[in-house]
Amino acid sequence: MKDDYLGLTVKCEVDNHYRDNRKNLFVQGLHMRMGVHVSESRKLAEGVQFMKRNIEGEFPPNTYVIIDTHSDEYSGMLQHTGGHTGGTNTNITEIVTAYLGKEFLKGMENASVAARNDKTVVTTERGKQPWCNLTAKARGGRRVLLLVSCGPAIRVHHHFDSVVELVNKDVFDFVLGFGGSGTLPSFVSSVVRSLVVESGVFGGTDMWASFCSLIASNQSVLDYTTAVLVYAVTVDGKRHVECRQIAKNMPGLRAFGAEYKSCGTAGCNPSPSHIRVFNRNKGRPKVSVRCLKCGWKSAWVRTDEDNKHFKRVQAVLAPQVFWHHFPPSTDLQNFFVDLTNKTKDESKVSSQPSGAKEGKVKAGKGKGKNKRHDMIDADMIDEEFDPIAMEVDR
């Protein structure tokens, strides 16, 4: 850790929950400095014994590793020595291996294996299944990595690959990173603490569902950053790695919480700063993007429903918080371009006469006017934008 703020807040939270069962909790802080990874990793010797003791007692423990450090402004790699402007940096795999040590990592693996192989069946006094699953297989052996860096290290391609590799090689089951350009521990500490308590103390059995409920209650965090999750899921007995980003639809700033660099004009290659977001709140909320480089405008898209790429985390509690697959695909980047082209094609088809001679379209009283109005609403770009849309994109 670069300082003690985040570590102390998490420790205070879990200490409070385990104040009557302190023997069931092990917390240790390690400080990353030049040449001290061997001596720091020795502090985890008690943690290794803690895991062995609980595995033997058929209570494989959950492990939460929180890394709070700086991120190199150019490479996105994590610093383990030095300060804001200098120091030594490397990827997450090397930091985890050096500071946790082989014995601790092996203990995490053993706890996970013990939980997966647990065959305990818990029933009520009448032989029925309880309302919640209390077995070690559902609640134990979880390995979670919480990556908090001042820069968006998770968004750098080669570093993101290292994170995926940790999950793919079964070192961790769940990794949470933040994609904001300036993520301060004070901004995200509530989310980090709540995730540890929700899944560790209260034993949430589904990490994705737990995090969705958590972020829906802490939406303000997404005003400053995005959350990137890499986690393992088991489908038909096979382990798969899922990568998702959760972000907030920000009027005038981010459409569905994502950044775009695609334009509908052939030959125009804008940067994300050239794509301006506009919102319309009259009636049902909609969003549109415009390229400041060439003036291209997209069709309007509703933000109160799911679409092809963006799904709401919780439709009732967080209607403007969406998740999408990460990293964003080319298809996602072209979302507004493809939708605009599709809308224009549909408008051309619907405007052609059918069932009558060319130039003579039969319609009931008032139907022609309504049809023409629908076409205009779908195809035209309304010039009455929100004033907030004129703010500069961040």
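Helix α7 (residues 185-201) packs with helix α8 (residues 207-217) at an angle of about 135°, and their axes lie 10 Å apart. The axes here are lines fitted to C-alpha atoms, for helices over the stretch in contact, and angles run from 0 to 180 degrees between N-to-C directions. Helices (H or I, at least four residues) and strands (E, at least two) are DSSP runs, numbered from the N terminus. The pair α7 and α8 is therefore oblique; angles under 35 degrees count as roughly parallel, over 145 as roughly antiparallel, 65 to 115 as roughly perpendicular and the rest as oblique. The crossing of α7 past α8 is right-handed, where a near helix turned clockwise from the far one by less than a right angle gives a right-handed crossing and anticlockwise a left-handed one.

Before going on, a word on the source: this is a predicted model, in which local features need pLDDT of at least 70 and side-chain atom pairs count only at pLDDT 80 or more, while totals for chains, interfaces and linings use all residues. Residues are numbered from 1 along each chain as its sequence is written, and side-chain values use heavy atoms, with hydrogens and water left out.

Which residues bring α7 and α8 together? On the α7 side they are Val-191, Ser-194, Leu-195, Glu-198 and Ser-199, and they meet Met-207, Ser-210, Phe-211, Leu-214 and Ile-215 in α8. Contact means heavy atoms within 4.5 Å. Sorted by class, the contact of α7 with α8 has 6 nonpolar, 3 polar and 1 charged residues. Ala, Val, Leu, Ile, Met, Phe, Trp, Tyr, Cys and Pro count as nonpolar, Asp, Glu, Lys and Arg as charged, and the others, Gly among them, as polar.

Helix α7 also packs with α1: their axes come within 10 Å and cross at roughly 30°. That makes α1 roughly parallel to α7, and the crossing of α1 and α7 is right-handed. From α1, the residues Tyr-5, Leu-6, Thr-9, Val-10, Glu-13, Val-14 and His-17 meet Pro-185, Ser-186, Ser-189, Val-192, Arg-193, Val-196, Val-197 and Val-201 in α7. By class, the contact of α1 with α7 has 9 nonpolar, 4 polar and 2 charged residues.

Now to the sheets. An open sheet of 7 strands, with mixed pairing, runs in the order β1-β4-β5-β6-β7-β12-β11. Its edges are β1 (63-69) and β11, each with a single partner strand, so one side of each is left without a neighbour in the sheet. From one strand to the next the twist averages 30°. Helix α6 (residues 157-168) packs on this sheet, touching β4 (143-149), β5 (174-178), β6 (227-235) and β7, and its direction makes about 30° with that of β6. Strands β11 and β12 form a hairpin with 3 residues between them.

A second open sheet has 3 strands in the order β8-β9-β10, with antiparallel pairing. Here β8 (275-280) and β10 (301-302) stand at the edges with a single partner strand each, so one side of each has no neighbour in the sheet.

| Strand | Partner | Bridges |
|---|---|---|
| β8 (275-280) | β9 (residues 286-291) | 6 bridges |
| β7 (residues 238-248) | β12 | 5 bridges |
| β11 (residues 311-314) | β12 (residues 318-325) | 3 bridges |

Asn-279 stands opposite Val-287 in β9. In β12, Lys-248 has Val-321 as its bridge partner, and Gln-314 has Ala-318.

Two single residues are worth a look. Leaving aside neighbours within four places in sequence, Thr-340 is in contact with Trp-296, Lys-297, Ser-298 and Ala-299.

Asn-24 lies in the loop between α1 (5-17) and α2 (37-41) and, at 37% relative accessibility, counts as partly exposed. With neighbours within four places in sequence set aside, Asn-24 is in contact with Tyr-18 and Phe-50. The C-alpha atoms of Asn-24 and Phe-50 are separated by 8.5 Å, although the residues are 26 apart along the chain.

Finally, the whole chain: it has 11 helices and 12 strands, and 45% of its 394 residues count as buried. Among contacts between residues at least 6 apart in sequence, 65% join residues at least 24 apart.

Notes. Two strands pair if DSSP finds at least two bridges between them. Buried means under 20% relative accessible area, exposed over 50%, partly exposed in between (1.4 Å probe, protein chains only).
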